[in-house]
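Colleague: Pick one part of this model and walk me through it slowly, please. I'd like the cut-offs spelled out as you go.

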Amino acid sequence: MRLKFLNLPSLQRRRERYIIINTWKILHKKAPNDIKMVFYESDRLGVRAKVPPEQKNCPSSISSIYENSFSVKAAKLWNILPKSVNTAKDLDSLKVALGKFLERFQDTPPTPGYTSQCSNSLLDWTIQSGGLREV
């Protein structure tokens, strides 16, 4: 409630925005690519990131670490962006386009004591509904 009053996104949404911005910086060589992210072009979808493969038959604890790693989460978040966002040429235009993109979607952080439809992550909305739900 307080976040809405102050017109601030939730911590999770801010974190995902930061991951997307950092991924753009890696793509444009403004930040080091220590994790060896691989990008490729698609005529229809724009710039896409390759999600690193998961090792087969690994324990669930390792699978959880894999899913929450920066390289996997960054690639998956980057890949849900429309072409108009992921092909931004400079950081300021990316931030403007990303802000407009994120404003279209619900930002409902979990409230202690209440069950929620899904976590507030853009990735979870995508998986659960077959696509992002717009407000």
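Modeller: A contact, or touch, here means heavy atoms within 4.5 Å. This is a predicted model, so to speak for local features we need pLDDT of at least 70, side-chain atom pairs count only at pLDDT 80 or more, and totals for chains, interfaces and linings use all residues. Residues are numbered from 1 along each chain as its sequence is written, and side-chain values use heavy atoms, with hydrogens and water left out.

Let's zoom in on serine 63. It sits in helix H3, residues 60–68; helices are DSSP runs of H or I with at least four residues, strands are E runs of at least two, and both are numbered from the N terminus. Leaving aside residues up to four places away in sequence, serine 63 touches Glu54 and Cys58. Its relative accessible area is 22%, so it counts as partly exposed: buried is under 20%, exposed is over 50%, and partly exposed lies in between (1.4 Å probe, protein chains only).

Now the helix around it. The axes of H3 and H4 (residues 70–79) come within 5 Å and cross at roughly 50°. Those axes are lines fitted to C-alpha atoms over the stretch in contact, with angles running from 0 to 180 degrees between N-to-C directions. The pair is therefore oblique, given that under 35 degrees is roughly parallel, over 145 roughly antiparallel, 65 to 115 roughly perpendicular, and the rest oblique. On the H3 side the contact uses Tyr66, Glu67 and Asn68, while H4 brings Phe70, Val72, Lys73 and Lys76. By type, that's three nonpolar, one polar and three charged; Ala, Val, Leu, Ile, Met, Phe, Trp, Tyr, Cys and Pro count as nonpolar, Asp, Glu, Lys and Arg as charged, and the others, Gly among them, as polar.

For context, the protein has seven helices and two strands, running α-α-β-β-α-α-α-α-α from the N terminus on. Of its 135 residues, 30% count as buried. Among contacts with a separation of 6 or more, 58% come from residues 24 or more positions apart.

Most residues other than glycine have a negative phi. Lysine 29, however, has phi near 60°, in the loop between helix H2 (11–27) and strand S1 (39–42), and at 73% relative accessibility it counts as exposed. Lysine 36 has a positive phi of about 60° as well; its place is in the loop between H2 and S1, and it is exposed at 65%.
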